[in-house]
Amino acid sequence: MSSSTSQATDDSTGQSALQTTENRHSEGGSHILNTWNADENSFQESFFQIAARGVHKKYHKGANEIPVLQGVDIEIREGEFLAIVGQSGCGKSTLLHLMGTLDRPDAGEIYLADNRIDNLPASARDRLRNETFGLIFQFYHLLPELNALGNVLLPLMIRHGFFGYLRNRRDFRKRAKALLDKVRLSHRLRHKPRELSGGEMQRTAIARALINQPRVLLADEPTGNLDRVAGQEIIEILRNLNASENLTIVMVTHDEKIAQQADRTVRLVEGRIE
Ligand SMILES: Nc1ncnc2c1ncn2[C@@H]1O[C@H](COP(=O)(O)OP(=O)(O)O)[C@@H](O)[C@H]1O
Ligand SMILES: [Mg+2]
């Protein structure tokens, strides 16, 4: 974007695109795609909540180009728990970041229901990450100076602003405590990240990811830094969320045993979904 005028124009487009997104949410948030099925000689309906179409991404390292994603096509249904597996370095994090609008593809598109989201202006993408997507990472990314409760409350402060937060403080704290209870951390509300175990940090990060009631949870190697037992606890929490709230979960992992516990597994090989 070259001038502030075009930024402003794009921003308003982004806002209206988001508006449509929210309207779709109340209708279930799925896009119906009619695809022609030649065998059955009829249109077949398929529903998706998030999709990548022909996505390419490469990085530049000095003079070298590193091609990472080379035409990724994938559709994820509402309420699905999908695992994307692949070897270290194959582009799993890259793909997840593109789906979560943390980065933009070089070519191709990302859709949320029937709205293209990869080309939205930065402010609209920020809002999507705050309100629509919940993100969890291998290294938790908690703020070290805030305790568990403060970390979980942070996305609410970002969403509602300081005064909006203050006005609703009681309700928000109740909601944050309920979520920390759900991930079995009621006894750790005032602990700072350095006073928590790895599993407890990841459970805090899950509560933080859920505080704004996202429609999709994107999880990047959520058990990658945990031992078997703590990792299994995280997977069980994710499975429960998926079953009880119909939360769509996209999890990337290099660990086949972890991936097997999702409803469906796809493989990222040589920059494409197999
Ligand atoms: N910002 C970057 N600049 C240059 N190369 C990168 C960057 N991010 C990732 N890569 C490279 O892209 C490839 C895919 O990375 P990544 O998506 O993190 O893989 P995975 O999550 O599957 O391990 C790797 O070879 C990695 O080194
Ligand atoms: Mg990765």
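User: In which sense do strand β6 and β7 pair, and over how many bridges?

Analyst: In general, the strands of a sheet pair through backbone hydrogen bonds, in either a parallel or an antiparallel manner. Here, β6 (residues 107–112) and β7 pair in the antiparallel sense over two bridges. Strands are DSSP runs of E with at least two residues, helices are runs of H or I with at least four residues, and both are numbered from the N terminus. Two strands pair if DSSP finds at least two bridges between them. The bridge partner of Tyr111 in β7 is Arg116. This is a predicted model, in which local features need pLDDT of at least 70, side-chain atom pairs count only at pLDDT 80 or more, and totals for chains, interfaces and linings use all residues. Residues are numbered from 1 along each chain as its sequence is written, while chains are lettered from A and ligands numbered from 1 in the order in which they are written.

User: What is the strand order of the open sheet of four strands, and why is one side of β4 and of β7 left without a neighbour?

Analyst: The order is β4-β3-β6-β7, with antiparallel pairing. β4 and β7 (115–116) stand at the edges with a single partner strand each, so one side of each has no neighbour in the sheet.

User: Which strands does α2 lie across, and how many of its residues are buried?

Analyst: Helix α2 lies across β3, β4 and β6 and runs at about 125° to β3. Such angles run from 0 to 180 degrees between N-to-C directions, with axes fitted as lines to C-alpha atoms, for helices over the stretch in contact. A residue is buried if 20 or more other C-beta atoms, placed from the backbone, lie within 10 Å of its own. In α2 (residues 92–99), six of the eight residues are buried, namely Lys92, Thr94, Leu95, Leu96, Leu98 and Met99.

User: With which residues is Met99 in contact, leaving aside its neighbours within four places in sequence?

Analyst: Contact requires C-beta atoms, placed from the backbone, to lie within 7 Å. On that basis Met99 is in contact with Ile50, Ala52, Ile110, Leu218 and Val250. Just after α2, Thr101 takes a positive phi of about 55°.

User: Which element supplies the largest share of the shell around ligand 1?

Analyst: A residue belongs to such surroundings if its C-beta atom, placed from the backbone, lies within 6 Å of the molecule. The largest share, three residues, comes from α2. β3 (50–61), β4 (64–76) and α2 each supply at least two residues. Among the residues surrounding ligand 1 are Tyr59, Val68, Gly91 and Lys92.

Notes. A residue is buried if 20 or more other C-beta atoms lie within 10 Å of its own, exposed if 12 or fewer, and partly exposed in between; C-beta atoms are placed from the backbone. Two residues are in contact if their C-beta atoms, placed from the backbone, lie within 7 Å.
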